[in-house]
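Dear colleague,

I am handing over a structure to you with this email. Please open it first and keep it in view while you read the notes below.

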Amino acid sequence: MFYVIFDLEWNNAYDYKLRKGVNEIVEIGAVKLDEKLNIADTFKQLIKTKHYSKLSSRFKNLTHISVDEIRENGVPFDKAMADFSRWSGRDNSVFMSWSNSDLYVLVDNFKNLIGTSNVGFIKKYADVQKYCQSFLENTGSNQVGLSKCAELMEISVNTENLHRALEDCYLAAECFRKVFDKKKFAGFMTECDSRFFERLIFKPYYLTRNVAEDFNVNTEKLNCPYCKSDLRVLKGYESVNKSFRTVCECRKCKKKFWAFIRAKKTYDGVVVTKKINVMNKKRADGFNN
């Protein structure tokens with residue numbers, strides 16, 4: 001098995017057809033490690049942009065990549081990916097990136113530029129950032145950056161070479177080798193199929209219509225927070241701040257409540273959360289009138 005650590009540099013551009021900003025990949029770099037974690041090969045390719053010919057100031061300052069360099073050495077996205085696929089070893093490799101943000105951008109570019117979210121040559125994937133951070137103490141839940149991780153592992157960092165794809169891969173490989181444990185690493189690997197990539201780029205959203213696919217707010221059951229009896233809905237639901245709101249009453253306690261229901265659409269279905277707040281006496285008496 002090979003361990004392929006890849007890194008992407010991307011430029012933020014506006015897609016007028018999609019009417020949204022897109023992160024368009026400009027460079028891909030990768031380091032291939034053999035089973036003994038020796039560098040077996042490297043890959044580096046500039047990619048010609050499609051959505052926008054200009055590069056953002058932030059991108060140019062970070063990477064020092066110029067438009068002229070891309071014009072001279074860049075290739076179309078689909079060719080770059082075909083070359084990377086052949087180089088990588090495909091089924092015999094586990095792919096890694098520093099956090100899954102690079103993988104997300106890769107899948108998003110596949111969808112926008114090739115027409116599919118399925119990066120077919122990636123069969124196994126692991127977040128090398130998450131794996132390496134599991135060995136660090138007192139880092140909390142915040143994501144540790146590559147250079148910071150290297151510093152904590154006492155690996156020398158040449159900051160002038162950071163933010164170029166291949167150079168970042170070399171540093172990530174050093175961090176990976178420093179803490180490699182084959183058995184532990186296996187727990188960080190994920191088998192990738194088309195659903196894996198679809199789930200990755202699916203953006204959850206809150207439902208605002210009373211009736212939608214796999215959801216009907218009118219059939220949701222509400223229970224009294226005091227006696228757990230069923231609550232009776234007294235008025236129709238209204239949509240307020242991405243929630244459904246109604247007034248209800250406990251048949252047993254005779255208390256009145258505000259009920260709030262939120263329904264979030266995820267790739268795997270609808271997640272419903274409920275909040276029941278007792279109505280103050282003045283408001284409740286006013287509602288009776």
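What follows is a short account of aromatic rings and of charges beside them.

The model is predicted, so that local features need pLDDT of at least 70 and side-chain atom pairs count only at pLDDT 80 or more, while totals for chains, interfaces and linings use all residues. Residues are numbered from 1 along each chain as its sequence is written, and side-chain values use heavy atoms, with hydrogens and water left out.

A search of the whole structure finds 24 aromatic pairs, where rings of Phe, Tyr and Trp (its six-membered ring) pair if their centres lie within 6.5 Å, and planes under 30 degrees apart count as stacked, over 60 as edge-to-face and the rest as tilted. One of these is the edge-to-face pair of Phe 6 and Phe 84, with 6.4 Å from centre to centre and 65° between the planes. This pair links distant parts of the chain, since Phe 6 is in strand 1 (residues 2-15) and Phe 84 is in helix 3 (residues 77-88), 78 residues apart; helices (H or I, at least four residues) and strands (E, at least two) are DSSP runs, numbered from the N terminus.

Phe 84 also forms an edge-to-face pair with Phe 121, at 5.7 Å centre to centre and 85° between the planes. Ring pairs link Phe 6, Phe 43, Phe 77, Phe 84, Trp 87, Phe 95, Phe 110 and Phe 121 into a cluster.

The charged end of Lys 32 sits over the ring of Phe 2, 5.1 Å from its centre (NZ of Lys or CZ of Arg within 6 Å of the ring centre and within 35 degrees of the ring normal).
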